[in-house]
Amino acid sequence: MTHVFHRQPGATYPVAVAGDGPWLIDGDGRRYLDACGGAAVSCLGHSDAAVRAAVLSQVDTLAYAHTGFFTTEAAEDLAAHLIAQANAVIPGNRLDKVYFVSGGSEAAEAALKLARQYFLEIGQPDRHRVIARRQSYHGNTLGALSVGGNQWRRQPFEPMLMPATHIAPCYAYREQAEGESPEAYGRRAADQLEAAIQTLGPETVAAFIAEPVVGATAGAVPAVPGYFRRIREICDRYGVLLILDEVMCGMGRTGHMFACAEDGIGPDILIAAKGLGAGYQPIGAMLCSAVLFDAVVAGSGFFQHGHTYMGHVTACAGALAVQRRLRDDNLLDNVRRQGAALRRDLEETLGQHPHVGDIRGRGLLLGLELVTDRETKAPFDPAVKLHARVKRAAMARGLMVYPMGGTIDGRHGDHVLLAPPFIIEDAHRHEIVDRLGEALAEALDTPA
Ligand code: PLP
């Protein structure tokens, strides 16, 4: 009997009692290889000594100080570290200030509000509209949900959501036409943004928000080359702010500290969470350009937003230790190496599987899209609940993966997301592929 209101009320969950590197251990001593970081969170696994020490030491000296009264060394150092990283890797980086919150949805809310407030500060009060993409996810709070394009998550709350305009995602597997080059497709997909801005009236559009690699909603889908360059050009042409959501794909997950660096562009606002604190503490961040920050300083002098736990000193200390581990131990090298090897192994083992339509992603953020037929790319009947069967079959084999359903239109479409910790070694990788192959075979009722 539990009094905790779980995500799936009524379901029975194993009790997690300990972590050991990339493994989680339940109360019966069963070990689960964490091949998805929960939801792409646990990038250092579950027992990192340096992060643990940093959190404990912070709690020992100062556990909390309200940001209406104080700043802290941990927050200042973490912000400086993130901006130095952005300057080092993002071409023409504009990000210069960091606003810390407690997770991805809060970071998305802050980004939307800052975009709106910026235009008020500079005397363009009509700019309030936000354009986003179908098949995207920016969080579950009502503002973030409003701009998100995950139909399944949106549907129950539709009457309560604020208006937003959705264009097509950049999703080559399903939307690139026969004979169309990736470049031509990227241009066609990006030009939907220009068309939407023109339809709405450029003087009313505040921002466009997108994930550089679409995470849970589409299953690790990066844009084709050139897509985001074109998006950047269009935003600049119409004075629309570009918000990139790197809550899942950022902080090294793709093998680069910022995923957008690989697309060759930077945003006006970037949001991060998940890997930022690696799950040791809840933390998210909104990074923004000095132009936006200065407009608030020179204008009203107050950002009309905030939360009690924003800039939490223990969370910042934990995240700083995480980020220093990535830098000092060159862990992104391992992300790139293991990511390429995992993709190769998946392609070798499951690339010809009759129900694996596509294997994609970047670094250690990989996705497999499941289809009834590789030729027609037809999705499974939602009544089969294939994603849930895969998750169950994987857990029964001591493997955590992150399958999702309803990803095409809210009902149809199943994929499996993989996002293992950055510390995985060859043996872990082999176990992931073996156990996933068996889990798929059981869920699909096909031979392993
Ligand atoms: N944005 C993206 C891309 C995400 O993947 C998520 C969570 O999965 C969020 C935002 C929301 O983050 P949180 O669950 O921390 O509120």
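## Before we start

Helices (H or I, at least four residues) and strands (E, at least two) are DSSP runs, numbered from the N terminus. Residues are numbered from 1 along each chain as its sequence is written. This is a predicted model: local features need pLDDT of at least 70, side-chain atom pairs count only at pLDDT 80 or more, and totals for chains, interfaces and linings use all residues.

## Helix α4

Just after α4, Gly123 takes a positive phi of about 80 degrees. How far apart are the end C-alpha atoms of α4? They are 25 Å apart, which agrees with the 26 Å that its 18 residues should span at 1.5 Å a residue; the expected span is 1.5 Å times one less than the number of residues.

Is α4 largely enclosed or left open? Of its 18 residues, 16 are buried, so α4 is largely enclosed by the rest of the structure. Here, buried means that 20 or more other C-beta atoms, placed from the backbone, lie within 10 Å of the residue's own.

## Around the ligand

Helix α4 (residues 104–121) also gives the largest share of the shell around the ligand, three residues. A residue is near a molecule if its C-beta atom, placed from the backbone, lies within 6 Å of it. Of the 15 residues around the ligand, the nearest are Gly103, Gly104, Ser105, Val247 and Met248.

By class, the shell has seven nonpolar, six polar and two charged residues. Ala, Val, Leu, Ile, Met, Phe, Trp, Tyr, Cys and Pro count as nonpolar, Asp, Glu, Lys and Arg as charged, and the others, Gly among them, as polar.

## Two domains

The protein is divided into domain 1 (16–47 + 330–445) and domain 2 (54–329), with bounds from an automatic or database domain assignment. Taken over C-alpha atoms, their centres are 25 Å apart. Domain 1 puts 34 residues into the contact and domain 2 puts in 32, where contact means C-beta atoms, placed from the backbone, within 7 Å.

On the side of domain 1 that touches domain 2, α13 supplies the largest share, five residues. That side has 16 nonpolar, 11 polar and seven charged residues.

## An open sheet

Four strands form an open sheet in the order β1-β2-β3-β15, with mixed pairing; strands pair if DSSP finds at least two bridges between them. β1 (16–20) and β15 (399–400) stand at the edges with a single partner strand each, so one side of each is left without a neighbour in the sheet.

Strand β3 (residues 31–34) pairs with β15 in the parallel sense over two bridges. The bridge partner of Asp34 in β15 is Met400.

Definitions and conventions:
Contact = placed C-beta atoms within 7 Å. Buried ≥ 20, exposed ≤ 12 C-beta atoms within 10 Å, placed from the backbone.
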